[in-house]
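Biologist: Could you walk me through this one? I would like to start with the ligand and then look at how the chains meet.
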Amino acid sequence: MKVVTIALNTYRESIRDKVLYGLVLFSIIFIGASRILKPLTIGEELKVTKDMGLASISFFGLLIAVFIGTRLLYEEIEKKTIYTIISKPLKRWQFLLGKYIGLLLVILTVVIIMTLWIYLVLWLTTRTFDVTLLLGIFYIFLELMVITAISLFFSTFSTPIMSGLITFMLYFTGHLTRDILIFAELTKSRIVTIISHIIYFILPNLSNFNIKGEIVHKVPLETAFLLYSLSYGILYTIFLLLLSVIIFQKRDF
Amino acid sequence: MISVKIEELTKIYKRLFGKALKAVDHLTLSIEEGEIFGFLGPNGAGKTTTLKMLTGLLYPTSGKAWILEKEIKEIEPKKKIGFLPEHPSFYQHLSARELLHFYGAIFGIENGKRKKKIESLFALVGLEDVADQRIHSYSKGMIQRIGIAQSLINDPELVILDEPLSGLDPIGRKDVKDILLSLREEGKTVFFSTHILPDVEKICDRVGILIDGKLVKVGSLNELLKEEIKTIDITLSEIDEQILSEVRSLSAECIVKDRKVFLTIDSTKKVEQIQRVICRSNCRIISIIPQLKTLEEYFSHLVTHKDNKNRK
Ligand SMILES: Nc1ncnc2c1ncn2[C@@H]1O[C@H](COP(=O)(O)OP(=O)(O)OP(=O)(O)O)[C@@H](O)[C@H]1O
Ligand SMILES: [Mg+2]
């Protein structure tokens, strides 16, 4: 119950934030504008709109997760609003989890709005309705869930700018982790292989969630892979949240 | 029952560079149920640090403390305390009413009960008219008032307030003092820090004086100040020249005005001598008033005393 109270308040805070409206508005214009890049054939147009749609959910979701996520705790501490909360009968993990869930709800809302908009644009332009797009969006959301947890984790001990930079860096390297393994195989060095495997294991393997290409080009996906990615996302998030709680638990305010 | 029990509580702030700072140094203190306890000390004495440890914002480096007989590291005692931090700050995106609902929900107070409580709190702190305005439009005094309201949302048995009188105009200070007194009336314990001394003198049952993280004095105000009777003022009626010169030689100060004699004496022994002198004449003693040191004087005396010791 206390987690829900914190989550709803966090949600309310973001929803009343003008920056969020700016981002959502911008993403909507962005998706709509994909129409302007008018391609040659009907089939192409469909693909471009889907592609742009998924990419913008991913991109704007990332922006929200990082910009709000890294400030989530920092501002509470900096502005001292946390004083009247931690002193109430509430465990610190409940506060942290509430904050996380609140932000996730914000992202979910934004993702839903963008999804509806994409479907509307698709319907207006091509009179098509493609359910499989939802699967792609679901995996984007999974990825955002992990990224939000990363932002929150760094913000338990670092400033928004630092956390933001690190999170963006992890986002980009997270899409390349497979390449690290391939690179290691090529070098044929034992040490490099071991180090690469450790890095591969620690870094979030975000390419697990990237099924945009398959969705847009209607390439079938293996259920085993989808299940693996799903459990990977959930476990990685839980792991990050646990670490965040451990650090947050020890903090003085 | 003992409301707050603090034993050997110590907080050391570690710094990245330079030496660590002992902000609270083996503090031992108990506060009885139902009293108003004033926690006094100059800037940087460690008052805020102590109160933050009691409310779970800081972890003590060593030592223990109990609130309502439960150790502070547990969550249980927090249900029965209210806390107003120093220079409080609240969610800017909420109205005062929404804010109190939020805090009430954290305590798990059921909605109907919460609404009633919030109404009565707005009446208590005088914020009825602005209850639905966003907090970002609030003045400092209004923030302090909403801060007091939130500290009472759970009907706490113990209210901990860090400088509740700061940032308030005289009317605001009087209002807050009246609230503190009414809390005692309801049987609640009030533990507050301040350095506005005249306020303490009027409302505290007991005070503790903290300097450099150490408790240097604790006791009722009368007790503390009794040790420190410095002068006695005596007023006499008309008096002839010879007696006057005798009396004058015994007193530290002697003023004759409006056919009255005002004397300031600096020891009780001399008072007796003066009384004997007066007996021989036909003049009257109008009044004898022992002058207690004001808390302010007492306080600055302690602080400078301590400074001198440190310098040695
Ligand atoms: N977070 C912190 N890190 C390091 N030192 C701190 C920290 N907070 C307080 N201090 C130091 O600890 C000492 C005690 O500070 P504290 O705020 O408890 O004093 P105070 O009695 O509340 O003073 P004031 O009357 O000014 O509010 C001061 O020397 C202060 O500089
Ligand atoms: Mg202070």
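Modeller: One term comes first: helices, of at least four residues, and strands, of at least two, are DSSP runs numbered from the N terminus. Please also keep in mind that this is a predicted model.

Biologist: Okay, which element gives the largest share of the shell around ligand 1?
Modeller: That is α1(B), which supplies three residues, and β2 (21–32) of chain B is another element that gives at least two.

Biologist: How many residues surround ligand 1, and which are the closest?
Modeller: There are 14 residues around ligand 1, and the closest are B:N43, B:G44, B:T48, B:T49 and B:E86. By class, the shell holds five nonpolar, six polar and three charged residues.

Biologist: And what lies 2.5 Å from an oxygen atom of ligand 1?
Modeller: An N or O atom in the side chain of B:T49 does, while for the side chain of B:N43 the corresponding distance to a ligand oxygen is 2.7 Å. Taken alone, ligand 1 exposes 630 Å², and the protein buries 66% of that.

Biologist: Switching topic, how many residues are in contact between chain B and chain A?
Modeller: On the chain B side 26 residues touch 29 residues of chain A, and the area buried between them is about 2,600 Å², with carbon and sulfur atoms giving 59%. In chain B, the residues that lose the most area to chain A are B:L57, B:Y91 and B:I106, together 25% of what that side buries.

Biologist: How many salt bridges cross there?
Modeller: The rule finds three across this interface, and one of them joins B:E98 to A:R16, with the closest N and O atoms 2.9 Å apart. Helix α2 (residues 96–106) of chain B gives the most to the side that touches chain A, with five residues.

Methods
Residues are numbered from 1 along each chain as its sequence is written. Chains are lettered from A and ligands numbered from 1 in the order in which they are written. This is a predicted model: local features need pLDDT of at least 70, side-chain atom pairs count only at pLDDT 80 or more; totals for chains, interfaces and linings use all residues. Side-chain values use heavy atoms; hydrogens and water are left out. A residue is near a molecule or strand if one of its heavy atoms lies within 4 Å of it. A polar contact is a pair of N or O atoms within 3.5 Å; within protein, one must be able to donate a hydrogen and the other to accept it, and residues adjacent in sequence count only if both atoms are side-chain atoms. Accessible areas come from the Shrake-Rupley method with a 1.4 Å probe; for residues, only the protein chains shown count as cover. Ala, Val, Leu, Ile, Met, Phe, Trp, Tyr, Cys and Pro count as nonpolar, Asp, Glu, Lys and Arg as charged, and the others, Gly among them, as polar. Contact means heavy atoms within 4.5 Å. Buried area is the accessible area (1.4 Å probe) that two parts lose on being put together, summed over both. A salt bridge is a side-chain nitrogen of Lys or Arg within 4 Å of a carboxyl oxygen of Asp or Glu.
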